[in-house]
Protein chains: 2
Amino acid sequence: MASSQSRKRGTYHHGNLREALIDTAFAMIEEDGVESLTIRRVAERIGVTHAAPSHHFADKNELMLALATEGFARFRTALGSVMHISNPLERLSAMGRAYVRFALDHPGAYRLIMGPALSRIQIPAPHAVESGSLDHRTLAASEGTFDMLESTVAEAMQGHTAIGGAGVSGVAFLAWSAMHGAALLFLDEMIDCKLPDDSTDGFPRLLDEVIAFVEAGIALSPRGASPSSRT
Amino acid sequence: MASSQSRKRGTYHHGNLREALIDTAFAMIEEDGVESLTIRRVAERIGVTHAAPSHHFADKNELMLALATEGFARFRTALGSVMHISNPLERLSAMGRAYVRFALDHPGAYRLIMGPALSRIQIPAPHAVESGSLDHRTLAASEGTFDMLESTVAEAMQGHTAIGGAGVSGVAFLAWSAMHGAALLFLDEMIDCKLPDDSTDGFPRLLDEVIAFVEAGIALSPRGASPSSRT
DNA sequence: TTTTCATCTTGATATTGTCAAGATCAACGA
DNA sequence: TCGTTGATCTTGACAATATCAAGATGAAAA
């Protein structure tokens with residue numbers, strides 16, 4: 001109750017407006033999407049006038065940056081919950097499921113951290129660092145998640161080449177692309193994921209096939225080609 | 001010269017405002033992105049007052065719908081340019097390259113037809129038809145492109161199961177997801193595609209590995225498992 | 001107690017989508 | 001030829017939004 005939305009004493013100074021703005025805005029993007037988020041509505045919901053947020057975030061930009069940081073933290077936590085799995089192939093599959101599950105469960109947050117809403121809004125591109133006005137925490141968090149993926153793929157491939165001659169970065173990119181694309185296709189309702197023949201806990205059946213395909217592509221490789229064998 | 005932007009006689013009636021709106025708006029989303037598109041700016045660029053477009057498109061919605069229809073037509077043309085390839089595996093690879101190339105060459109159009117800008121804006125979801133106010137031409141165009149993909153995958157798999165036990169719809173979904181995700185990761189600069197070690201005509205090297213991986217996963221399958229063999 | 005300064009309010013401006021009412025003009029019928 | 005009609009475009013307005021400027025408030029420091 002006495003959370004970030006509560007005021008301290010009178011009605012003039014809020015007490016911790018900055019935190020309240022982030023929390024409330026985060027809840028609002030989960031309810032109505034990133035695009036319909038307005039500073040004025042956030043302020044109104046908190047019970048503060050429309051210009052109050054400007055003293056904590058110069059721009060709507062900066063609010064979005066703070067939201068992205070928060071979103072990345074939650075995203076990283078969601079992915080980290082499966083990192084304890086010792087078998088790299090199993091871990092990779094679990095990462096894929098956790099990835100898409102997060103996107104489906106938190107569409108607003110996912111669109112915020114991965115979608116164009118941020119990059120358009122002058123946000124750090126994980127691999128395009130140019131010392132601009134980028135949020136280092138967001139950057140570190142996003143790079144951390146990609147490292148988790150790449151290291152898991154490397155561990156699963158054990159120095160071998162995957163089918164088709166793909167290397168570690170290629171397979172990691174495939175995995176990321178496929179999960180990212182699948183999540184967005186689901187979210188944008190470009191494809192129907194509400195089919196009755198789902199697998200465990202309502203998880204899209206099609207996605208299981210995708211994950212199994214990638215997993216098999218990695219697992220099959222050692223028998224076929226390794227960097228030191230063949231030509 | 002006397003294209004869609006030209007007026008007919010005096011300065012009052014434009015002559016073909018509707019076409020001019022679509023053409024100009026399409027050019028503008030390629031220049032500045034979908035989000036910065038403004039009805040007033042389109043009207044101003046054409047040389048017409050801000051309320052003129054309302055007589056051709058009731059909403060910004062309807063303008064977007066028309067733009068999506070146009071974008072889908074161009075997208076379909078781009079994909080269709082490789083449909084003459086007889087070998088299904090080669091055709092599938094070419095489709096993947098054409099897909100991403102279109103997205104990279106026409107970011108605005110791609111985001112318009114595949115991105116959330118449309119679905120949020122009350123646009124037909126290809127597989128979520130519900131007899132609402134959906135544009136049938138757009139719908140038909142999008143379904144046609146997905147059919148091109150699915151039939152090519154089916155032809156390449158020849159009744160067999162792909163690695164990991166994936167069926168035709170699973171592989172088609174993987175291909176679409178991977179290309180969609182890769183395109184967006186490139187466009188959003190989540191990953192760097194401007195590497196010096198690109199393959200032919202500046203095409204991202206990583207994407208070649210992704211395509212080769214999927215291609216190999218399909219090609220390898222007949223030797224392993226088919227629906228009638230094994231268990 | 002007085003001062004200082006971050007915080008919040010009030011008020012204003014520019015941009016945007018949308019609506020309503022009027023102006024213009026080409027086509028059509030008498 | 002001339003008046004009518006209806007589509008097309010303009011003018012003007014309104015509400016919502018981001019942003020800025022100036023003033024009010026009050027807690028902490030001096």
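**How chain B meets chain A**

In the contact, 49 residues come from chain B and 48 residues from chain A. Keep in mind that this is a predicted model. Putting the two chains together buries about 4,000 Å², and carbon and sulfur atoms account for 75% of that area. On the chain B side, three residues stand out: B:Phe173, B:Met190 and B:Phe213 provide 20% of what chain B buries against chain A, more than any other three residues.

As for elements, four helices of chain B each bring at least two residues to the side that touches chain A, namely α5 (107-114), α6 (116-119), α8 (168-187) and α9 (205-224). Top contributor to this side is α8(B), with 14 residues. Sorted by type, the chain B residues touching chain A come out as 30 nonpolar, 11 polar and eight charged.

Polar pairing across the interface can be listed quickly. The count of salt bridges between chain B and chain A is zero, while two residue pairs are in polar contact, both at pLDDT 80 or more.

Chain A has 231 residues, of which 51% count as buried. Taking contacts in chain A between residues at least 6 apart in sequence, 63% link residues at least 24 apart.

Conventions:
Residues numbered from 1 in each chain as written. Chains lettered and ligands numbered in written order. Predicted model: local features only at pLDDT ≥ 70, side-chain atom pairs only at ≥ 80, totals over all residues. Heavy atoms only, no water. Contact = heavy atoms within 4.5 Å. Buried area = accessible area lost by both parts, 1.4 Å probe. Salt bridge = Lys/Arg side-chain N within 4 Å of Asp/Glu carboxyl O. Polar contact = N/O pair within 3.5 Å; in protein donor to acceptor, adjacent residues only side chain to side chain. Nonpolar A, V, L, I, M, F, W, Y, C, P; charged D, E, K, R; others polar. Buried < 20%, exposed > 50% of the residue type's maximum accessible area, 1.4 Å probe, protein only.
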